[in-house]
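Please look through the following structure with its sequence beside it.

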Amino acid sequence: MPEWMRWQIEAIVWLQGLQPPGAIAFWRLMSWLGEEPVFLLLLTGWLWAYRKREALWAATALLLGSYLAFTLKDLFAMPRPFQVAPDAVRVLVPGGEALGYGLPSGHALTAAALWGTWAGMLGNPWFTGFALGLIFLIGLSRLVLGVHFLHDILVGWAVGALVAFGIVRVGPGWLPRLAASRRRSFLLAAGGVLLLFLLHGTRETAVPLGAWLGMIGGTLLESGQNRFHPGGPWPQRGWRLAIGWATLAALYVGLGWLFRALPPPLPEAPALRFVRYGVVGLWATGGAPALFLRLGLGPTERTVEVLPSDPQPGHL
């Protein structure tokens, strides 16, 4: 075992030994906050009931970060602590032994990308402090739970911060100039997704790529027809969230059940995973807003004052 790994193993064992009774439940909660279902609830909540622009750019950061995490893991093919020192490091998260490569930490990377983008776009010092604290705790949880080395987490934070910086500083100003029409925007998005899939197309990377293409398609369709605005009375927003999350869960779980019922190896095929998450992204950004308007549960941008920070046509 290399010396630079040995001292990290010792640090993990020391951290695990410090945990009082009940602390592991807290760290599992912090780790869960970096999981896919939580991100899905948060992003759709912001999209349907608060601010579309920040939600869509944060989703872009999350999906790009997720793609990079899976790609870098396969590129570096580095082990996890419990694989290097199985007699010393305890795996304290259910199912942790089945995890694949370690570098970088996907939890640390996607948390930094998502929350860093939100903090950068909102520019609120209190929210920024909250976001930084959450990013730190999510990353630290993976160390305490024994599923990542310190260098996995540090690299994840660094790559996620670069993604957030690029989205906040470059994306909103550069992309609208590059894609001047909805058709051109979709062709650009489809071409980018295809290129990324050709560079590294696996069952894991099919998830963020499919969701991103579906999200872009739904956003462009919705901005050209309905122009849903996430404002309105808070009870109305609550109904939107209840209906939106219920339909989203039905799609998410239903498609998963349907595909798992197919004969192997079809359930694990990247194409089916791409379709499943593409449909979820399309519904979240296009289908659900159209349903809200049909049910009278939300205004359009034509009936409310559009703030400079709200989404404009072609901003994705």
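This is a predicted model: local features need pLDDT of at least 70, side-chain atom pairs count only at pLDDT 80 or more; totals for chains, interfaces and linings use all residues.

Residues are numbered from 1 along each chain as its sequence is written, and side-chain values use heavy atoms, with hydrogens and water left out.

**The chain as a whole**

The secondary structure comes to 13 helices and zero strands, where helices (H or I, at least four residues) and strands (E, at least two) are DSSP runs numbered from the N terminus. The radius of gyration of the chain is 20 Å, close to the 20 Å that the globule rule gives for 316 residues, so the chain is as compact as a globular protein of that length; the radius is taken over C-alpha atoms, and the rule is 2.2 Å times the number of residues to the power 0.38. Along its principal axes, the C-alpha trace spans about 60 × 50 × 35 Å.

Of the 316 residues, 50% count as buried, a term that means under 20% relative accessible area, with exposed meaning over 50% and partly exposed in between (1.4 Å probe, protein chains only). Among contacts (heavy atoms within 4.5 Å) between residues at least 6 apart in sequence, 81% join residues at least 24 apart.

**The largest pocket**

About 1,400 Å³ of space lies in the largest pocket, and 46 residues line it, of which Glu35, Glu36, Ser66, Phe70 and Val207 lie nearest its centre. A pocket here is an open set of points on a 1 Å grid over the protein atoms alone, where a 1.4 Å probe fits, with protein on both sides within 12 Å along at least five of seven lines, and lining residues have an atom within 4 Å of a point. The volume is the space filled by probe spheres set on the points, which are joined across faces, edges and corners.

Among the elements that give two or more residues to this lining are helix H3 (36-49), helix H4 (52-76) and helix H6 (106-122). The largest share, ten residues, comes from H4. By class, the lining has 25 nonpolar, twelve polar and nine charged residues; Ala, Val, Leu, Ile, Met, Phe, Trp, Tyr, Cys and Pro count as nonpolar, Asp, Glu, Lys and Arg as charged, and the others, Gly among them, as polar.

Glu54 lies in helix H4 and is buried, with a relative accessible area of 2%. Glu54 and Thr117 are 63 residues apart in sequence and 8.1 Å apart in space, C-alpha to C-alpha. Thr110, in helix H6, is buried with a relative accessible area of 6%, and it touches Gly34, Phe39, Leu62, Gly65 and Ser66, not counting residues up to four places away in sequence.

**Backbone sites**

Most residues other than glycine have a negative phi, and most peptide bonds are trans. The table lists two cis peptide bonds.

Ala77 has a positive phi of about 50° although it is not a glycine. Ala77 is found in the loop between H4 and H5, and at 37% relative accessibility it counts as partly exposed.
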